[in-house]
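Biologist: I'd like to learn how to read salt bridges in a model. Can you walk me through some?

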Amino acid sequence: RKGSVIVTGASSGLGLAAAKSLAETGKWHVIMACRDFLKTERAAKAAGMAKENYSIMHLDLSSLDSVKQFVDNFRQSGMPLDVLVCNAAIYRPTAREPTYSAEGFELSVGTNHLGHFLLSRLLLEDLNKSDYPSKRLIIVGSITGNTNTLAGNVPPKANLGDLRGLAGGLNGLNSSAMIDGGDFDGAKAYKDSKVCNMLIMQEFHRRFHEETGITFASLYPGCIASTGLFREHIPLFRTLFPPFQKFVTKGYVSEDDAGKRLAQVVSDPSLTKSGVYWSWNKASASFENQLSQEASDPKKAKKVWEISEKLVGLA
Ligand code: NDP
């Protein structure tokens with residue numbers, strides 16, 4: 001049978017390119033888990049995806065109720081789950097004030113981290129039931145949350161501190177909207193959420209890999225300077241960023257190529273190692289990359305896991 005893969009945020013950018021790449025092989029049915037049904041349908045059509053290779057199901061990661069509803073709908077569809085890709089994200093670098101998710105969490109961490117945390121915790125059971133030979137849970141990371149890299153050292157740097165804001169619920173009322181308890185900074189909130197993504201992937205690996213055989217992995221697909229992720233940035237930045245990445249840092253990767261990299265992490269028989277953060281070099285070969293100290297700290301990962309469980313109502 002075909003493999004069955006859920007990709008969150010498959011309506012644009014990396015998620016769409018990966019969905020297309022997987023669908024084209026004819027070996028995968030892609031469940032595009034998106035908040036905007038029409039946009040996704042149009043995007044799938046424009047990408048030339050054949051109808052039998054995908055389904056679209058509604059998921060708004062900024063609402064925990066929507067996450068639970070998605071899981072129910074998915075189960076009712078009777079489709080198996082072989083691979084889950086947590087790809088969707090928002091980035092609000094120019095926001096001066098925090099905005100909040102349905103449950104009142106700062107929106108970047110609420111969407112990118114907490115929404116995906118609940119989703120993957122609930123769907124672990126479904127992955128576990130699958131009889132597919134290589135079951136995987138992939139969480140898209142980023143270099144920007146990784147302070148042992150040049151890009152990760154551009155201020156504001158990611159820093160989760162002692163997690164006091166997260167523990168307080170990130171609600172901007174009786175706690176800070178930022179994980180470390182500091183003043184709101186939209187770019188930092190995104191980077192912090194990506195550190196959480198990478199920590200949670202490793203915590204999944206430690207807790208569940210041996211018992212379930214599921215591969216837990218993260219990746220940095222390269223700088224895809226053309227995606228919608230930068231839609232809220234100032235116009236000058238949006239004009240200069242793609243050529244800067246192309247010619248100066250040379251970290252630029254097209255949406256198509258980045259999508260192929262993500263598709264590789266989903267399906268390549270040689271990328272089954274668990275607990276790994278994949279990157280690519282210039283010759284486009286994949287390699288296991290090192291994470292920064294904070295993004296690979298097992299004590300912090302455990303704390304983020306436990307606090308997040310409380311926030312999403314699992315503990
Ligand atoms: P895009 O903005 O193009 O795609 C983001 C996707 O997430 C869209 O499909 C968007 O949906 C979706 N999304 C946003 N909020 C929600 C929500 N509340 N519920 C459901 N879906 C939502 O950005 P990219 O393709 O660049 O980003 C994809 C991933 O790649 C992210 O995890 C990002 O951190 C990562 N990444 C990107 C890099 C880059 O250079 N671009 C570099 C490294 C990592 P909608 O279409 O409805 O807005």
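Biologist: Let me start with R1: is it buried or exposed?

Modeller: Keep in mind that this is a predicted model. The general idea is that a residue counts as exposed over 50% relative accessible area. R1 comes out at 57%, so it is exposed.

Biologist: And which residue does R1 pair with in a salt bridge?

Modeller: With D82; their closest N and O atoms are 2.8 Å apart. D82 is buried, at a relative accessible area of 0%. The two sit 81 residues apart in the chain: R1 in the segment before β1 (3-8), and D82 in the loop between α3 (64-77) and β4 (83-86).

Biologist: Where do E203 and R207 lie?

Modeller: Both are in helix α6 (residues 186-212), four residues apart, which is about one turn of the helix. E203 is buried at 5% relative accessible area, while R207 is partly exposed at 32%.

Biologist: What about K188, buried or exposed?

Modeller: Buried means under 20%. K188 has a relative accessible area of 10%, so it is buried. Its salt-bridge partner is D180, at 3.0 Å from N to O, and D180 is partly exposed at 22%.

Biologist: Which residues are linked in a network of salt bridges?

Modeller: R75, E125, D126 and K129.

Biologist: And how many salt bridges does the structure hold?

Modeller: There are 18, one of them being the R1 and D82 pair we began with.

Methods: Residues numbered from 1 in each chain as written. Predicted model: local features only at pLDDT ≥ 70, side-chain atom pairs only at ≥ 80, totals over all residues. Heavy atoms only, no water. Salt bridge = Lys/Arg side-chain N within 4 Å of Asp/Glu carboxyl O. Buried < 20%, exposed > 50% of the residue type's maximum accessible area, 1.4 Å probe, protein only.
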